Amino acid sequence: MATKATASTTPRMSDEAVQAKTGKTWKEWFAILDKAGARKLGHHEIVKYLNAEQGVGPWWQQMVTVTYEQARGLRDKHQKPGGYEISVSRTLNAPVFKVFKAFADEKLRDAWLAEDGLAVRKVTPNKSLRLTWIDGKTSVQVSLVAKNPEKSQVVVQHSKLPNATTSTKMKSYWGKALDRLRARIEK
C-alpha cells in the first residue's frame, strides 16, 4: 500500500481562505486539534469536536478534518470513508448528446473503452450514467455538462477503490480513456 500523507502535505486551501471563513489559519487549527488529541480520534469524532467545541459549520468541519488528517498522515490523498475516489474530466468539442451516446451505446463505447463486465446501473439521458466497474466492486459515475451546443464537459468519478495505488492507477487509466474518447468523437 502507498504511504500515508506526511506532515509536509500542503493544504488544498490557502491559509488566507481558511482564516477568512473560520477565523483561524491551518497552523492554528492543527495546534487546536493536536491539543484536543485528534490524532487518536476517528474522522467522525474530530468533526463532532469541531462542531461542539469550536462552533465550526458543517462544510468547514469536513474541510478542516480532512486537511488535518492528511497533514498528520492519518488519511491518504483521494481517501474517503468508503474507500478511495478519483475524478478525471475533459472538455470535448462535441455536443453532449454525442458524448452521452459514446458512453451509453455499448458498441460505440467498446470502440474506445473495451472492458468486458462493465454494467450500466442507471442512466439519465444526456446528463449522467452510473456504472459498476469490471471488478464488480467499484462504482463509476459519469456526469455530462453542455458548455455550448458543440462543446461538452465529461467528468468520470471512480469510487470505492481499495487503496492509494489503485486510485493512482485508475486516475491515469481514465485520463487515457477520455483522451481516446476525445480522439474518436472529435473526428
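1. A contact here means that heavy atoms lie within 4.5 Å. Among contacts in the chain between residues at least 6 apart in sequence, 56% join residues at least 24 apart.

2. This is a predicted model, in which local features need pLDDT of at least 70 and side-chain atom pairs count only at pLDDT 80 or more, while totals for chains, interfaces and linings use all residues. Residues are numbered from 1 along each chain as its sequence is written, and side-chain values use heavy atoms, with hydrogens and water left out.

3. The chain holds seven helices and six strands, where helices (H or I, at least four residues) and strands (E, at least two) are DSSP runs numbered from the N terminus. Read from the N terminus on, the order of these elements is α-α-α-α-β-β-α-α-β-β-β-β-α, and the C-alpha trace spans about 60 × 35 × 25 Å along its principal axes.

4. Of the 187 residues in the chain, 37% are buried, a term that means under 20% relative accessible area, whereas exposed means over 50% and partly exposed covers what lies in between (1.4 Å probe, protein chains only).

5. Lys 48 counts as exposed because its relative accessibility is 62%. The C-alpha atoms of Lys 48 and Phe 97 are separated by 44 Å, and the two residues are 49 residues apart along the chain.
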